[in-house]
Amino acid sequence: MSSATQVAERDAPFQLRGNSFTMMVLKVNAPASSDFFTQLNVKVRQAPNFFRNAPVVLDFDELPESVVFDLGAFVAQVRAHHLLPVGFQGGPRPVQEAALAVGLTPMPTGRVARLEEVVKGPDPRAAATATAPQIMVEVVHRPAMVVTEPVRSGTQLYAEKCDLIIAASVSPGAELLADGNIHVYGALRGRALAGVSGDTTARVFCQSLEAEVVSVAGVYRVSEDIGSDFFKKPVQVFLRDGVLRMEPLKTA
């Protein structure tokens, strides 16, 4: 790129760039239920700092074709609980049209590939009969992101496509995000979100679990749900059968 082009881009009134963001998905199973927003309010109050002004995608994929509800009023109620609906997934056509009408963006639905599928690769017997071109996937390994200083309140760290290792403690109000595992060799008092790109095999390890929120691949627990068996103790956090589980670290 020439220097003239660089100057022109720098002085342009805007730039369009691709990026990726981690967002919560609110799966909507019964939008007309009288308990919907009561239960949502309980969940939000468990970790208000975590949920406040958080962008969410509304998942309508499980709604029946016969569902009837006022989507505009529904979105307004979600916003009243300090969540910001920005997009939607799936749903019957009338629901999708209503979502577009209130300014929500259609979001693609993805599938999280199992690790063994990536390692094993395509079935050679199927490849012999397939007419579509084969796509070669290169697995890129990145060294872990290592932080040796304490992570202070208000700091956000993101380890893209790798593990995050904190060789110190994490203060309340700090946020750790990693596509891989998170290791904290001290007290974990902030928020720790491992597997943020969908890796369900990711884990969180820490020497003292005091987290406000801990999550693996979008499944989370707040501090009130941790329990005395694991609070301020060496713990590993992981997913099993879609449920976020905790086990003591074996230190001896």
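The protein folds into 7 helices and 15 strands. Helices (H or I, at least four residues) and strands (E, at least two) are DSSP runs, numbered from the N terminus. The model is predicted: local features need pLDDT of at least 70, side-chain atom pairs count only at pLDDT 80 or more, and totals for chains, interfaces and linings use all residues. Residues are numbered from 1 along each chain as its sequence is written, and side-chain values use heavy atoms, with hydrogens and water left out.

Of the 252 residues in the protein, 33% are buried. Buried means under 20% relative accessible area, exposed over 50%, and partly exposed in between (1.4 Å probe, protein chains only). Contact means heavy atoms within 4.5 Å. Among contacts between residues at least 6 apart in sequence, 35% join residues at least 24 apart.

An open sheet is built from 6 strands in the order 5-7-9-11-14-15. Its pairing is mixed. Two strands pair if DSSP finds at least two bridges between them. Strand 5 (145-147) and strand 15 (243-248) are the edge strands, each pairing on one side only. Neighbouring strands of this sheet are turned by 20° against each other on average, direction ignored. Such angles run from 0 to 180 degrees between N-to-C directions, with axes as lines fitted to C-alpha atoms, for helices over the stretch in contact. Within the sheet, strand 9 (residues 182-188) and strand 11 (residues 204-209) run parallel over 5 bridges. Leu188 has Leu209 of strand 11 as its bridge partner.

Gln236 lies in strand 14 (residues 235-240). Gln236 counts as buried, at 13% relative accessibility. Leaving aside residues up to four places away in sequence, Gln236 touches Arg203, Val204, Phe205, Arg245, Met246, Glu247 and Leu249. Lys250 is 14 residues from Gln236 in sequence, and the C-alpha atoms are 9.6 Å apart. Arg203 also has its charged end over the ring of Phe238, 4.3 Å from the ring centre. A charge sits over a ring if NZ of Lys or CZ of Arg is within 6 Å of the ring centre and within 35 degrees of the ring normal.

Two loop residues other than glycine have positive phi values. Ala217, between strand 12 (213-216) and strand 13 (219-222), has phi near 55°. Ala217 is partly exposed, with a relative accessible area of 24%. Asp241, in the loop between strand 14 and strand 15, also has phi near 55°. Asp241 is exposed, at 72%.

The structure holds 5 aromatic pairs. Rings of Phe, Tyr and Trp (its six-membered ring) pair if their centres lie within 6.5 Å; planes under 30 degrees apart count as stacked, over 60 as edge-to-face and the rest as tilted. Phe60 and Phe69 form a tilted pair, with 6.4 Å centre to centre and 55° between the planes. Phe69 and Phe74 are edge-to-face, because their planes stand at 75°, with centres 5.7 Å apart. Ring pairs link Phe36, Phe37, Phe60, Phe69 and Phe74 into a cluster. Phe60 is buried at 0% relative accessibility, and Phe74 is buried at 4%.

Phe74 belongs to helix 4 (residues 71-80), where Leu71, Val75 and Val78 are buried as well. These residues cover an arc of only 95° around the axis, so they lie on the same side of helix 4. The arc is that of the directions from the helix axis to the C-beta atoms. The cover over the buried residues of helix 4 includes strand 1 (24-27), helix 2 (36-46), strand 2 (54-59), strand 3 (83-89) and helix 5 (93-101).
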